[in-house]
Amino acid sequence: MTTSISESSAPVGDLPTVRLKPKANARAIRHGFPWVYANELVTDRRTRSKPAGTLAVLEDDGRVPLGLVALNPDSKIICRMLDRDPQATIDVAWFETRLRKALHLRERVFDAPYYRLVHAEADGLPGVVIDRFGDICVVQPNAAWAETLLHELTDALVAVTGVSHVLKNASGRTRSLEGLDDASAVLHGSVPEGPITVPMNDAVYMADLTGGQKTGLYLDQRANHAFAASLARDARVLDVFSHVGGFSLAALAAGAQSALAVDGSAAALALAEKGAKASGCEGRFQTRQGDAFEVLTALAEEGARFDLVICDPPAFAPSKPSVDAGLRAYERVARLAATLVAENGILGLCSCSHAADLSAFRAACARGIGRSGRRGSLIYTGFAGPDHPQLPQLAESGYLKSIFFQL
């Protein structure tokens, strides 16, 4: 009987050893791919009985160590690579080293502490997302190993950044796939009394760090907000799926004539209105709550036209099985939105679905524009900002696409 806890090779310290099947792609892991899928690992009763988050040494089928991994027998991603050194010790000092590297990059790029500090695998902390809002960090430990070592991670985070407050956000979709709960918590300091202000692209945004979507604000769109704002002077702007006014507030700060924010969430629109007031542009800002597809249809029936229309919907294709339906939804958004764009106006379309790649998303948008009777010229393709780095070996890390057309 084959075993995954290798008795013939000496373990590193007291750590168990797990081994790849002969047909698994050990070369990809050596070259930087960070995951091992369940069907690639030799598993037996002892492996399956290990608690989620157990640290182990990963070997190839020839029993050559590949590195130190976090094991979760209940997840499709059964191993996540933590360190290429199988002798590594995952403690506060180890976390501090990773966090200092991440912080160094962000401080080179941004002049204020509002950014994604850790973007999971691309920053060497698989499954961990940390967004920083001044003196507050919001942590999403979306993998079992990070949940197990959350105390050490928090101590390192406070030591490296000096923040006074650390919140745990447990709303990440992947937590359930890891067998984790959805209980958020205060890890250090206290909860802010209400939404906090976040300066970005010359606008002021209101972020609800405890009850809002994601960690409170979509920081990944910052560069695309800035591009849209560069087109917005004297423009009539429509921001659909606006959340707290991401595109519309940036456009108003850049001199837009007016902006209409559309979202299904009354709470998000209320924060957008507070952001507009804090930005000093509330007189040019309006909101409209409702289903985006219904509002787009109603605006067309009303004869509304805008010089700049941006649609930033949720992930319509969050997984491979949903790609076809998701692409149809993106096509429909493009078709409805294109009818509202004035002649020679601009249409911006976004996708945060990693399962639908750029080529497929762009083709769906082009079909939608064509079906509306319009012709579009692609003028810009954008991605997430540098605080959301991509791991080249992991396509999922390059999830965000933003494309703009002149119609």
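Strand E8 and strand E9 (residues 165-168) are joined by four bridges and run parallel; strands (E, at least two residues) and helices (H or I, at least four) are DSSP runs numbered from the N terminus, and two strands pair if DSSP finds at least two bridges between them. In this pairing Cys137 stands opposite Val166 in E9. The model is predicted, so local features need pLDDT of at least 70 and side-chain atom pairs count only at pLDDT 80 or more, while totals for chains, interfaces and linings use all residues. Residues are numbered from 1 along each chain as its sequence is written, and side-chain values use heavy atoms, with hydrogens and water left out.

E8 also pairs with strand E7 (residues 128-133), through six bridges and in antiparallel fashion. Val129 stands opposite Gln140 in E8. The hairpin of E7 and E8 has two residues between the strands, and Gly134 takes a positive phi near 65° there.

Six of the six residues of E8 (residues 136-141) are buried, so the strand is largely enclosed by the rest of the structure; buried means under 20% relative accessible area, with exposed over 50% and partly exposed in between (1.4 Å probe, protein chains only). In a regular strand the side chains alternate between the two faces of the sheet. In E8, Ile136, Val138 and Gln140 point one way and Cys137, Val139 and Pro141 the other, all of them buried.

An open sheet is formed by five strands in the order E1-E3-E4-E5-E2, with mixed pairing. Its edge strands, E1 (17-19) and E2 (35-37), each pair on one side only. E1 runs parallel to E3 (residues 54-59), to which three bridges join it, and Val18 stands opposite Leu58 in E3.

Among the helices, H7 (residues 222-230) and H8 (residues 246-253) pack at about 45° with their axes 8 Å apart; axes are lines fitted to C-alpha atoms over the stretch in contact, and angles run from 0 to 180 degrees between N-to-C directions. That makes H7 oblique to H8, given that angles under 35 degrees count as roughly parallel, over 145 as roughly antiparallel, 65 to 115 as roughly perpendicular and the rest as oblique. Asn224, His225, Ala228 and Ala229 of H7 make the contact (heavy atoms within 4.5 Å) with Gly246, Phe247, Ala250 and Ala251 of H8.

The axes of H10 (residues 292-301) and H11 (residues 323-338) come within 9 Å and cross at roughly 25°. H10 is therefore roughly parallel to H11. Phe293, Leu296 and Thr297 in H10 meet Ala329, Arg332, Val333, Leu336 and Ala337 in H11.
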